[in-house]
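The following tutorial dialogue concerns the reading of a structural model.

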Amino acid sequence: MQKWIMSGLFFVACTLALVLMFTLPGKEEVAEEAKPTMPEVTLDKAAAEATVKASCISCHGDQLQGGAGPALNQVGGHLDKDALFNVITKGRKGMPAFKDQLKPEEIANVALYLSEKK
Ligand code: HEC
């Protein structure tokens, strides 16, 4: 009789563990949320320049030489496109987040454009 109770309990515990494994967010998912993934885009230089002109040069300078914000004319040397996408999307200190102003594809295009400035 006791054996039955023990195996019953064991079964319940296993089921519970399995359910938790699938419902709790994994570490990867949490990291994913903190760092937005960049959508795949092909560089449209004219569109990127237009976006930068409209949204960025007030702080980063009309030649991206820097101003209120750091120079971006060689930013590709130390930030890759994913890092750029991350900064522009989420902002950082004095740098505003652009996730509500620009579409992810537009940000991705600007990130690609800037990543080539080395
Ligand atoms: C309101 C002013 C402002 C605007 C507008 C602005 N930025 Fe910035 N940006 C900053 C400041 C200030 C920093 C420095 C943030 C820090 O110290 O962490 C910065 C940092 C950055 C960085 C990181 C540079 C590095 O070397 O680490 C990137 C990339 C960047 N901005 C891109 C952009 C892009 C692209 C736009 C337009 C879509 C833009 N910024 C618009 C103020 C601005």
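Q: Is Asn86 to be classed as buried or exposed, and by what criterion?

A: Burial is judged by relative accessible area: buried means under 20%, exposed over 50%, and partly exposed in between, with a 1.4 Å probe and protein chains only. Asn86 has 16% relative accessibility and therefore counts as buried. The model is a predicted one, in which local features need pLDDT of at least 70 and side-chain atom pairs count only at pLDDT 80 or more, while totals for chains, interfaces and linings use all residues. Residues are numbered from 1 along each chain as its sequence is written, and side-chain values use heavy atoms, with hydrogens and water left out.

Q: Where does Asn86 lie, and which residues does it touch?

A: Helices are DSSP runs of H or I with at least four residues, strands are runs of E with at least two, and both are numbered from the N terminus. Asn86 belongs to helix H5, whose buried residues also include Leu84, Phe85, Val87, Ile88 and Thr89. Contact means heavy atoms within 4.5 Å. Not counting residues up to four places away in sequence, Asn86 touches Ala34, Lys35, Pro36 and Gly91. Gly91 follows H5 and has a positive phi, near 75°.

Q: Which residues does Ala97 contact, leaving aside its neighbours within four places in sequence?

A: Ala97, in the loop between H5 and H6, is in contact with Ile88, Thr89, Lys90 and Gly91. The C-alpha atoms of Ala97 and Val87 are 7.6 Å apart, although ten residues separate the two along the chain. With a relative accessibility of 28%, Ala97 is classed as partly exposed.

Q: What coordinates the iron atom of the ligand, and why is the arrangement called octahedral?

A: Donors are N, O and S atoms within 2.8 Å of the metal (3.2 Å for Na, K and Ca); water is not among the atoms, so sites may look incomplete. Six donors count as octahedral if opposite donors are over 155 degrees apart and all others between 65 and 115. Ideal angles for six octahedral donors are 90 or 180 degrees. Here His60 (NE2) and Met95 (SD) coordinate the iron atom of the ligand at 1.9 to 2.0 Å. The six donor atoms around this iron atom subtend angles of 86 to 180°, so the arrangement is octahedral. The pair links distant parts of the chain, 35 residues apart: His60 is in helix H4 (residues 57–60), and Met95 is in the loop between helix H5 (81–90) and helix H6 (104–115). His60 is buried, at 9% relative accessible area.

Q: How many salt bridges does a search of the whole structure find?

A: Side chains of opposite charge can pair when their charged atoms come close. A salt bridge is a side-chain nitrogen of Lys or Arg within 4 Å of a carboxyl oxygen of Asp or Glu. The search finds one. Lys45 and Glu49 form a salt bridge in which the closest N and O atoms are 3.9 Å apart. Both residues lie in helix H3 (residues 45–55), four residues apart, about one turn of the helix. Lys45 is partly exposed at 49%, and Glu49 is partly exposed at 37%.

Q: What pattern does the protein chain follow, and what percentage of its residues count as buried?

A: The protein chain has six helices and zero strands, giving the pattern α-α-α-α-α-α along the sequence. Of its 118 residues, 27% count as buried.

Technical notes:
Four donors count as tetrahedral if all angles lie between 85 and 135 degrees; four count as square planar and six as octahedral if opposite donors are over 155 degrees apart and all others between 65 and 115; anything else is irregular.
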